[in-house]
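Open the structure in your viewer and keep the selection tool ready. We will go stop by stop.

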Amino acid sequence: MTNISITILGHIKRKINTKKLQQWKSDLFKVRSVKEIGDINFNNENYWQELSDSKATEMLKSNSEEVIQILITEYSLENNYYMRRIDKNGAIISFFEVGDILQRYNIPIENFILKNIYELVALKEIYSDLPQTKIEIPDIIHEETRGCLFDMNGLKSDIWYTTEKPTLCSQCEAFLASKHVTKDFIKTLKRELKQIRKQFFYRISDFIKLHPIVSIIIGFFVAICPNMAANFLYDFIKFYICKK
Ligand SMILES: [Zn+2]
């Protein structure tokens, strides 16, 4: 079980449901703490707020007892990444641009955070220290977007596809096995990823958009069923109860 410590840095445009993160049922990790700190003064000439790896590393130093420390921010990151591993136990997650993309697809930002936590926990299982983004991109991360936990998402707009229903593709599963990650870990990871879903209302809405004819047919039967049931009940009462 990996312990996670989250620090929210600066103003976030969308409210994060931190309870959902802390109460997330997982056999692989536990979010032990969530704290917030104010914004920082970048003091640059062009007023651009980009959080560098070095600046973020300085900010995480005080929490060194936690296994994985995550800084969450709205500031952009180096090379416009949405997540950067900055230390053997630390990472930054940014909502810059990503927050708007997820909102367009009605995907909760907590799901994006959870998806990234699972990615970090799995990387930690392969390498004892997180590979730092500025030094290497781990081999398991692939350029092709497959809806997999290890999609690179070089095109940031693809992030919705990876976050909507994150899975573990067969190649990544084989990669994990080749690195002696236990079958139990892989099985648990696959099972828990299935829990990352949109809210029920939006899943229904997506189904209707994707299958309009089927939805009309279902709607028709749903509408007439209570009527049929009422008629049946009326006949039943009339013939079997009122007769007596
Ligand atoms: Zn994959």
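Start by selecting helix 2, and look at Ser-54 and Glu-58: both are exposed. Keep in mind that this is a predicted model.

Now turn to the other side of helix 2. Select Asp-53, Ala-56 and Leu-60, which are buried. Why do they sit on the same side of helix 2? They cover an arc of only 65 degrees around the axis, so they share one side of the helix.

What do the buried residues of helix 2 pack against? Show strand 3 (50-51), strand 4 (68-73), strand 6 (83-87) and strand 7 (90-94). These are their packing partners.

Next comes the largest nonpolar core, which has 44 residues. Select Ile-70, Ile-92, Ile-93 and Ile-117. They touch the most other members of this core. Then colour helix 4 (residues 109-126), which gives the most to the core, with 10 residues.

Stay with Ile-117 for a moment. Leaving aside neighbours within four places in sequence, Ile-117 is in contact with Ile-4 and Phe-29. Show both side by side with Ile-117.

Last stop: select helix 7 (residues 183-193) and find Thr-188 in it. Is Thr-188 buried, exposed or partly exposed? Thr-188 counts as partly exposed, because it has 14 C-beta neighbours inside 10 Å. A buried residue would need 20 or more, and an exposed one has 12 or fewer.

Thr-188 and Ser-26 are 162 residues apart in sequence, yet 8.6 Å apart in space, C-alpha to C-alpha. Finish by selecting Asp-27 and Leu-28: Thr-188 touches both, not counting residues up to four places away in sequence.

Notes: Residues are numbered from 1 along each chain as its sequence is written. This is a predicted model: local features need pLDDT of at least 70, side-chain atom pairs count only at pLDDT 80 or more; totals for chains, interfaces and linings use all residues. Helices (H or I, at least four residues) and strands (E, at least two) are DSSP runs, numbered from the N terminus. Two residues are in contact if their C-beta atoms, placed from the backbone, lie within 7 Å. The arc is that of the directions from the helix axis to the C-beta atoms. A nonpolar core is a set of buried Ala, Val, Leu, Ile, Met, Phe, Trp, Tyr and Cys residues joined through C-beta atoms within 7 Å.
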